[in-house]
Amino acid sequence: MKKIVNIIIFGLLLLIFGSYMFTFQVRQDEIAFVNHLGKNSEPIIESGLKPKWPWPIQRVYKFDKRIHVKTTRYDQVMTQNGKSVMMQFYFGWKIENPSAFMSNTSGSDSAARMKDAEKQLLVIVDAEKNNQVNMVATSFGSFIQGEGVEGESRVDFDKLEKAILDKANSKAEANLGVEIKFVGIRKVGVPQGSLDVVLEAMVTQWTSKSETEIHIGQQEADAIRAKARNDKETALQKARAEAKTTLAAAQADALQQFKLMEQDPQLAAFLMQLEALEKSVKKQTTLILDDSMGPFGLLRGLESPLKKDQSKQ
Amino acid sequence: MGNDSTKLKGAPEVDLGNEAGARAMEGALQSSFTILKLVIAVLVVYLIFSNTFAVDQDSEGAIVLRFGQSRTIDAEEVYKAGIRFAWPYPIDEKVEIKRERPVKSVAAWHAPVGRVAIGDSSEKRKVDALHDGYAITKDDKIIYVKAEMIYRVSYPSSFAFDFASATKILQLILDNGLTYSASQLNLSEILENPTKFAEKTQLRAAKLVRGYDLGVEVAQINVRGEDVKLPFYTQDAYDKINGVRAKIENELKKANSENEAVQLAIGAKSEAAETSLSALSGEVATIRNQANNQAAALRASVDSLANRFKDIIEKYPDPVSRRRYMEQMYYETMERIADNKDIKVILVSKTGKASPTKLRLLINQPPPEVEEEEETEK
């Protein structure tokens, strides 16, 4: 029983160490090369468990065949008109031709070769980026869709990205066995000098705009007030005219009544005077009369007003 | 073992102690071996199930690779919730996938304040072309903007095995989307409507995601109000415009309310108000009311006079009798005046024609009390 257990344990250990020495695994996102005494085999693309001779007879190189992404530096790119624009691109790449990749990259291991490939790709993409931007853009304004930008000089992001991709990809495939899958614009900007100019322009524009707006607003408010004053004055004039008309109508009516009273003007005058006298003599009034007035004439034995009238008649 | 026991039986009594020790040792070793076997068995079981894992519903998924080859790529199976068995590495390997994740973009956002030289105050801090990120708008303005994109993995196999760093690519796609969308919209549109900006960015990002075959869907892009900011250097100037607008609005509001008050006063607000004097107010109404009152008073006075005149004429058609009646009225009036305690009547003797007595009617003039007192004293 003991022997069986020992045999099983020994067998398991042998299997484990043997599998590490004599097999290797290729993941589905990897490509492998077996270097047999310094000579590389055909690339192994199929995933699974593969046999190999132990080191130093055979050595396995594995590469990640997934799409890797890399960004360019955020630096100046010259446009057609000699103006510069700050741009940063990114691109995705993958090993397309493993044999070509192996022969065109250098490095002690897979990671070093991948880094070397990225370095070479950066040179290719940078060169194409400079060429293509120079071909399509006249200035920084070409990258914004402003009203003042003419149709032809306006840069279409998609077209520019595709143009760089096409050119860079053909070079990358031929020189490195690498396929560039996509290129994209990450950032677009302007150099520091132009940036300061843009900032100053923003401040100037807004300061001027605020001054203009306050001026226009004040004018508008003044106009509303002037109209209100004018309307008020017009309305007052109209009201005064209406008041005059109303009073004139009342006076005309009164005149009609006075005409009726012409049959005894003395009576009319007497009634008016009497009314006026009663209205004017109210509280705290002092009347200074001579003895010929009113009933006080009797004190002198004068004739009554009625007698006077009779004598006149 | 049996032979050893037989030997022990015949041995002298002195050896009995050694035998007992040996037995105890043997027993201890046996129990140790049993424990060791148990531990090994537990370890083996643990080893076998060490790669077994559970998948949460809706939030994550997993792909098991056997010798480097995925066993399932179907999204439904990948996201199926429950316990999954996998042999220990290197036989099986599990790749976990989060179903929905956010990525953030700060490529167009300024560097943390204080990291670069900012001058005397943050208001004077200009944009640093190298350290600060920013976007440029359609109307040639600089703006800081950041965003968050939530993506959903729809093809787990592509997402996990076709891209070395899918998350980084998604972040770059979001950067691209922000740069692109900013160039398509005016500054005011972005500042006032960040949602519109986010929608435009989402369209761009979704297009790129499809183009790159990332195996994900862009679920949402969030750009909140605080994710959009003007450069510090320009903020004051921009705020001034808003301040001016508020001031103008206030000024216009005042002017309009003044105008409304005038219109209301002159009765131009409604036709009904023009016809109804009571509905009017202000100076116009006052003028109209005064005129109407005066006219009414005049009419009333004249009408009353005319009626009185008519009554007297009708009652006293004979002029003589009318004169008598007038005299009567005159004396009655004088009597009423004389009877009134509030009216003082001072009678003076009429002098000759050369120096006629001047009569004065003092209305509402109270006689000076002091003088009166003096007179009474005299």
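**Entry 1: a sheet in chain B**

I began with an open sheet of three strands in chain B, ordered β3-β2-β5 and paired antiparallel. I took strands (E, at least two residues) and helices (H or I, at least four residues) as DSSP runs, numbered from the N terminus. I called two strands paired if DSSP finds at least two bridges between them.

A note on the basis: this is a predicted model, where local features need pLDDT of at least 70 and side-chain atom pairs count only at pLDDT 80 or more, while totals for chains, interfaces and linings use all residues. Residues are numbered from 1 along each chain as its sequence is written, chains are lettered from A and ligands numbered from 1 in the order in which they are written, and side-chain values use heavy atoms, with hydrogens and water left out.

I then went through the pairings. Strand β2 (residues 60-66) of chain B runs antiparallel to β5(B) over seven bridges. I63(B) faces V95(B) in β5(B), and E60(B) stands opposite K98(B) in β5(B). On β3(B), the antiparallel pairing with β2(B) has two bridges. There, L65(B) is opposite S70(B). The hairpin of β2(B) and β3(B) has two residues between the strands, and F67(B) in it takes a positive phi near 50°.

Why is β2(B) largely enclosed by the rest of the structure? Six of its seven residues are buried, so the rest of the structure largely encloses it. My cut-offs, with a 1.4 Å probe and protein chains only: buried is under 20% relative accessible area, exposed is over 50%, partly exposed is in between.

**Entry 2: a second sheet, and a cavity beside it**

I found another open sheet of three strands in chain B, with the order β7-β8-β11 and antiparallel pairing. β7 (135-136) and β11 (228-229) of chain B are the edge strands, each pairing on one side only. β7(B) joins strand β8 (residues 142-145) of chain B in the antiparallel sense over two bridges. A135(B) stands opposite I143(B) in β8(B).

On a 1 Å grid over the protein atoms alone, a cavity is a set of points where a 1.4 Å probe fits but cannot get out; a pocket is an open set with protein on both sides within 12 Å along at least five of seven lines; lining residues have an atom within 4 Å of a point. Points are joined across faces, edges and corners, and the volume is the space filled by probe spheres set on them.

I counted one cavity of 30 Å³ or more. The largest cavity has a volume of about 60 Å³. β7 and α5 (166-184) of chain B each supply at least two of the lining residues. The lining has seven nonpolar, two polar and no charged residues. I counted Ala, Val, Leu, Ile, Met, Phe, Trp, Tyr, Cys and Pro as nonpolar, Asp, Glu, Lys and Arg as charged, and the others, Gly among them, as polar.

**Entry 3: the largest pocket**

The largest pocket holds about 1,400 Å³ of space. Of its 34 lining residues, L12(A), L13(A), L15(A), I16(A) and L47(B) are the closest to its centre. Which element gives the largest share of the lining? α1(A) does, with ten residues. α1 (2-22), β1 (23-26) and β5 (58-64) of chain A, and α2 (16-49) of chain B, each supply at least two. By class I noted 23 nonpolar, four polar and seven charged residues.

I logged a cis peptide bond between W55(A) and P56(A), with omega about 10°. P56(A) sits in the loop between β4 (48-51) and β5 of chain A. The bond from Y89(B) to P90(B) is also cis, omega near 10°. P90(B) is in the loop between β4 (82-84) and β5 of chain B.

D140(B) has a positive phi of about 65° although it is not a glycine. Its loop lies between β7 and β8 of chain B. D140(B) is partly exposed, at 36% relative accessibility. D213(B), not a glycine either, has a positive phi of about 55°. D213(B) lies in the loop between α7 (194-212) and β10 (216-222) of chain B. D213(B) is exposed, at 57% relative accessible area.
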